[in-house]
Amino acid sequence: MSTIFDQLLEQYKHLPAEKQWSAKYEVTQMIALAGLNHGGFFSKAAFYGGTCLRLFHNLRRYSEDMDFTLLQEDPKFHLENYFQPVIDTFKLTGRDVTITKKDKLTLGKVELAFLKDETDVYNLTFQTEKSLKVKIEIDIKPPLEFQTEYKRMNHPGTFMVRCMTLPCLYAGKMHALAFRTWKTRVKGRDWYDFEWYVNNETPLDYNHLRTRIKEFNGLDLSQEDFLGLLKERLATTDMELVKADASRFIENPHELDLWSNDYFLQLADRIKFV
């Protein structure tokens, strides 16, 4: 008998076999959002990051992790209070899940490199499919100065999700692109998203970006100083590593044919600040 989960997967049947894992991640993410919504989570927190951009703004790449931030610091907040609505929602779709909080001592150096002390990390896994893990991060002491809006999700059912606005999402992505310390494990997805923001003429909320840089990195940068730092990163990163990572998350690898260090430097000159 076909479950709701299986029915949601049907919309991805056009994907080649090697990309089917992306479909399972995406269906899992949508159901998790539905469960969080049922529990009232979005009165306290907002969704952001690449998965938010994919699900609500038609970004043409797949994403794995889910990033959230509290709207304001709340010492009484515990994500564990929202586990049951998420578990119940998955059960209705025909899947059983387990949600566990990760001990940061078990995280690798790469994972910790861009994680604040005030960020909690969880894994959502299927009880019968341990290889699929959706990592959930929530910033419990958020850098403020960001704006939110509600966006509609149609699967499973129709519900609303509080998301950061596009200019603030852009700010979070530019912070990652400029400061993430991945060394040889370059996250080409950051570069893909940067290209998307520029080509869609999204304005960059520098007020939020500046606040994030202060909170994470202890620096107070002007727009000019930030652009200088960003361009150094764009000019010196190994583009083959960038392409290799990004290609795993897109359907058409020819989207990356234009990519070069010079191409991204030209994109940087097109950034519009607000």
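This is a predicted model: local features need pLDDT of at least 70, side-chain atom pairs count only at pLDDT 80 or more; totals for chains, interfaces and linings use all residues.
Local features require pLDDT of at least 70 and side-chain atom pairs count only at pLDDT 80 or more, while totals for chains, interfaces and linings use all residues. Residues are numbered from 1 along each chain as its sequence is written, and side-chain values use heavy atoms, with hydrogens and water left out.

**Exercise 1.** Determine how many salt bridges the structure holds, and describe the pair Lys173 and Asp190.

*Solution.* Step one is the criterion: a salt bridge is a side-chain nitrogen of Lys or Arg within 4 Å of a carboxyl oxygen of Asp or Glu. The structure holds 17 salt bridges. Step two is the pair itself: the side chains of Lys173 and Asp190 meet at 2.8 Å, N to O. Step three is location: Lys173 belongs to helix α6 (residues 166-179) and Asp190 to helix α7 (residues 188-199), so the bridge ties together parts that are 17 residues apart in sequence. Helices here are DSSP runs (H or I, at least four residues), numbered from the N terminus.

**Exercise 2.** State whether the partners Asp245 and Arg189 are buried or exposed, and where they lie.

*Solution.* First, the closest N and O atoms of this salt bridge are 2.9 Å apart. The bridge links distant parts of the chain, with Asp245 in helix α10 (residues 239-247) and Arg189 in helix α7, 56 residues apart. Next, Asp245 has a relative accessible area of 9% and is therefore buried. Arg189, at 13%, counts as buried as well.

**Exercise 3.** Carry out the corresponding analysis for Lys272 and Glu201.

*Solution.* The closest N and O atoms of this salt bridge are 3.9 Å apart. Lys272 lies in the segment after α11 (261-268) and Glu201 in the loop between α7 and α8 (206-217), 71 residues apart. Lys272 is partly exposed at 43%, whereas Glu201 is exposed at 53%.

Definitions and conventions: Helices (H or I, at least four residues) and strands (E, at least two) are DSSP runs, numbered from the N terminus. Buried means under 20% relative accessible area, exposed over 50%, partly exposed in between (1.4 Å probe, protein chains only).
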